[in-house]
Amino acid sequence: MSPNGNRTDPPAAGSHEPQHAAGVIEARLGRGAQDVLEAAVVLEAWGGVRATRALSLGSHVVPPKPPRWLPSRLTGEEPERRESILSEALALLMAILAVASWAGPLSRQVGASVLEQAIVIALPATLAFQWAIRSRYLSRRDGLACLARDRLPLLGAGLLALTALVTFMGRSGGLAAIFVTIWVGGTILARRGWALPYGLLLLGTLIGLESGRDAYAWLGGLTAIVLIAGLTAVWTGGGQSQEPAGRVGRALWAGAIGAALGCLLVGDPSLGWGVHGAYPGIALLPSVIGSVWGGYHLWKLYDALPRGLQGMAPNEGDERDPRGSAMKVFLGSLLRLVGTTVVLSGLVILIGQWTSGTNRLSLFVGFGCVALVTMLVNMLESLALVRWALFAALAGVATELSCSEVLLVHPPVPGMALIAGAGVGILLSLPPLLKLLLRPGRVLATNLWIQ
């Protein structure tokens, strides 16, 4: 199978020897195959080898395993990568709490309108950078090493983009540039294992802002520290690795998806980012925690999928299976996301008098819908359906903006446009995703492993 999707003529019989097959796998994955299924998928997708022959070659390329062995792509690296996900999630939660707690003192010093405009600019820009960096670098086992190789051009491009914000957007652009640097830098620090020091920095900045001293001085100092710490994290944490970075084109698609999801978060003016103090930030926390737990559970897909296909003939794996391993993992993640969001939202509503009046149910429903569409779009992007993922996100943003125009004068409840936009994104994301998950055979395996 050639990269454009056309099946190539099979190589000569002599080239099908295990040594040649192992070379093809090494070239495509950057490492050896860790199970027979993975080897067969690579040989069929990229080597033009028929399924039966690919499975036979795979059994020669991969050493035999004990009878009780269960195949898994991430046998050795999954715990490490799961820890990095949790660290990044912790940094995200700290950043949200920081925005919520900084809103009061910042709005008093810089003005509520400037703060609102800065957040509206910074959130989409931050998510665009984070999704692009994660796609090309941080999703790799040696992500920091991959990032270190491109640190100078990336730093130059980032400074150029931040300078453009300051130049063309004035005070709100300068504040947005500060936010973007702090939030994106936090992702890198978390990957390095420095999430706790990052949180302490945010807490120290909150104390400084509450003291009434110049906000730009405190935020500027924090930005400088995060920038230096981020460069240090990349410089010292990369090590030596030959693992290739992700494709630039794929990273650009991922960045566009992240920007669209960021626009979805800020496209409804009834949310009151920067105007209603800590209100939106605290209301966002339950859905973020729920999405972290749901996303963490999704990592079981890498182990559950090959386990469910073990012992099946290639044609059997492509049959519809609503009770298959892939669907079970997906439904488990969905249940964790929704259940956690509902329970924590109820708790925050109960203590609304101590959380800046965060007690409007519609706001929690809206943020819960955003968390769900983010998980679905993220799965589509991970399964190489990037164009459809971007389409679903953009359709959600267009719906939200259209509803915002209609409801701008007399919005019935806060977050109504956000619910409508996220709902459209969910409806568009589910069909292609379910189509893959219901047939957990070679198609899903190819999309999951061949990136």
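The backbone oxygen of Ala177 lies 2.9 Å from a polar atom of the Thr181 side chain. The pair is a polar contact (N or O atoms within 3.5 Å; within protein, one must be able to donate a hydrogen and the other to accept it, and residues adjacent in sequence count only if both atoms are side-chain atoms). The model is predicted: local features need pLDDT of at least 70, side-chain atom pairs count only at pLDDT 80 or more, and totals for chains, interfaces and linings use all residues. Residues are numbered from 1 along each chain as its sequence is written, and side-chain values use heavy atoms, with hydrogens and water left out.

Thr181 is found in helix α7, residues 151-192. Helices here are DSSP runs (H or I, at least four residues), numbered from the N terminus. Thr181 has a relative accessible area of 13%, so this residue is buried. Buried means under 20% relative accessible area, exposed over 50%, and partly exposed in between (1.4 Å probe, protein chains only). Leaving aside neighbours within four places in sequence, Thr181 is in contact (heavy atoms within 4.5 Å) with Leu162, Thr223 and Val226.

Val226 also takes part in a helix pair, on the α9 side. Two packed helices are described by the angle between their axes and the distance between the axes. Helix α8 (residues 195-210) and helix α9 (residues 215-237) pack at about 170 degrees, with their axes 9 Å apart. That angle makes α8 roughly antiparallel to α9, a term for angles over 145 degrees. Axes are lines fitted to C-alpha atoms, for helices over the stretch in contact, and angles run from 0 to 180 degrees between N-to-C directions. From α8, the contact is made by Tyr198, Leu201, Leu202, Gly204, Thr205, Gly208 and Leu209. From α9, Ala215, Trp218, Leu219, Leu222, Ile225 and Val226 take part. By class, the contact has ten nonpolar, three polar and no charged residues. Ala, Val, Leu, Ile, Met, Phe, Trp, Tyr, Cys and Pro count as nonpolar, Asp, Glu, Lys and Arg as charged, and the others, Gly among them, as polar.

Ala132 lies in helix α5, residues 112-138. Its relative accessibility is 21%, so Ala132 counts as partly exposed. Not counting residues up to four places away in sequence, Ala132 touches Ala251, Ala254 and Gly255. Ala132 and Gly246 are 114 residues apart in sequence, yet 9.8 Å apart in space, C-alpha to C-alpha.

His297 belongs to helix α11, residues 279-298. His297 is buried, with a relative accessible area of 10%. Beyond its neighbours within four places in sequence, His297 is in contact with Val329, Gly332, Ser333 and Arg336.

Note on methods: Helices (H or I, at least four residues) and strands (E, at least two) are DSSP runs, numbered from the N terminus. Angles under 35 degrees count as roughly parallel, over 145 as roughly antiparallel, 65 to 115 as roughly perpendicular and the rest as oblique.
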